[in-house]
Amino acid sequence: MPRAVEPVTGTSIRGVRLLRAPELTQAILERTQPLRLLRVQGSASAFLCFRLRQAWDGPIVVIAPTPLLADRFANDLRSVQGPEANIVVFPVYDVRPFERFSPHPELEARRMSLLYRLLSANETTALTVVLPAAALLRRVLPRAELRARVTHLECGMTVSYTHLRAHET
């Protein structure tokens, strides 16, 4: 009868140290440099991100190789964290950089909305952003420029037309 094998802290395979989920989470939180995890299979990466979310209150950014894998990871993460979790996939433009076409307005609005959410996030904002690597290749507005161009509107708010026209340029 096969028995379950659980890695013990301190054991290693070919010089790679194996850690349980709580120790791995703590090791990640204590790092000051980026960490690259290899050979994490299936939903284990979503579970690890869930453990990080439990231990870390601030925003978390996850980079996926392709848009399809980004969507899969976000869905796995939602199944672990629950539907009320604040998980957003950063959309990739649907046109190439030097084409004469503009990106779809809804896509542009989603990107700008997410950039604003990241801009206004602080150390206690539990936001998880999953972005495909291709989304990193496009330049975005600098923080100061985005802050200067944002006009915050709310439903039911009264705003003069001249005030809106002044912010349009």
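Accessible areas here come from the Shrake-Rupley method with a 1.4 Å probe, and for residues only the protein chains shown count as cover. By that method, the accessible surface of the protein comes to about 13,000 Å², and carbon and sulfur atoms hold 56% of it.

Before we go on, a word on the model. This is a predicted model, in which local features need pLDDT of at least 70 and side-chain atom pairs count only at pLDDT 80 or more, while totals for chains, interfaces and linings use all residues. Residues are numbered from 1 along each chain as its sequence is written, and side-chain values use heavy atoms, with hydrogens and water left out.

## The overall layout

The protein has seven helices and five strands. Both are DSSP runs numbered from the N terminus: helices are H or I with at least four residues, and strands are E with at least two. Reading from the N terminus, the order is β-β-α-α-β-α-β-α-β-α-α-α.

Of the 169 residues, 22% count as buried. Buried means under 20% relative accessible area, exposed means over 50%, and partly exposed lies in between (1.4 Å probe, protein chains only). A contact means heavy atoms within 4.5 Å. Among contacts between residues at least 6 apart in sequence, 63% join residues at least 24 apart.

## Two nonpolar cores

A nonpolar core is a set of buried Ala, Val, Leu, Ile, Met, Phe, Trp, Tyr and Cys residues joined through side-chain atoms within 4.5 Å. The largest one has 15 residues, and those with the most contacts inside it are C49, V62, F73, L77 and V130. At least two residues of this core come from each of α2 (44-55), β3 (60-64), α3 (67-81) and β4 (87-89). A second, separate core of 10 residues includes L114, L115, L127 and A135.

Leaving out residues up to four places away in sequence, C49 touches I60, V62, F73, L77 and T128. C49 is buried, at 5% relative accessible area, whereas C155 is exposed, at 88%. A disulfide is a pair of cysteine sulfur atoms within 2.5 Å, and a search of the whole structure finds zero of them.

How far apart are the end C-alpha atoms of α3? In α3, the buried residues are A70, F73, A74, L77 and Q81. Seen down the axis, they fall within an arc of 100 degrees, so they line one face of the helix. That arc is taken from the directions from the helix axis to the C-beta atoms. On the other side of α3, L68 and S79 are exposed. The buried residues of α3 pack against α2, β3, β4 and β5 (128-132). After the helix comes G82, whose phi is positive, near 110 degrees.

Helix α4 (residues 105-120) can be read in a similar way. L107, R111, L114, L115 and L119 are buried in α4. They cover an arc of only 145 degrees around the axis, which puts them on the same side of α4. The face turned away from that side carries the exposed residues P105 and E106. What covers the buried residues of α4 includes β4, β5, α5 (133-136) and α6 (143-149).

| Pair | Apart along the chain | C-alpha separation |
|---|---|---|
| M112 and V150 | 38 residues | 9.8 Å |
| L48 and T25 | 23 residues | 7.3 Å |
| Q26 and A55 | 29 residues | 8.3 Å |

M112 sits in helix α4 and is partly exposed, with a relative accessible area of 27%. Apart from neighbours within four places in sequence, M112 is in contact with L141 and L146.

L48 belongs to helix α2. Is L48 buried or exposed? At 12% relative accessibility, L48 counts as buried. Not counting residues up to four places away in sequence, L48 touches L24, T25, I28 and L37.

Q26 lies in helix α1 (residues 21-30), where Q26 is partly exposed at 41% relative accessible area.
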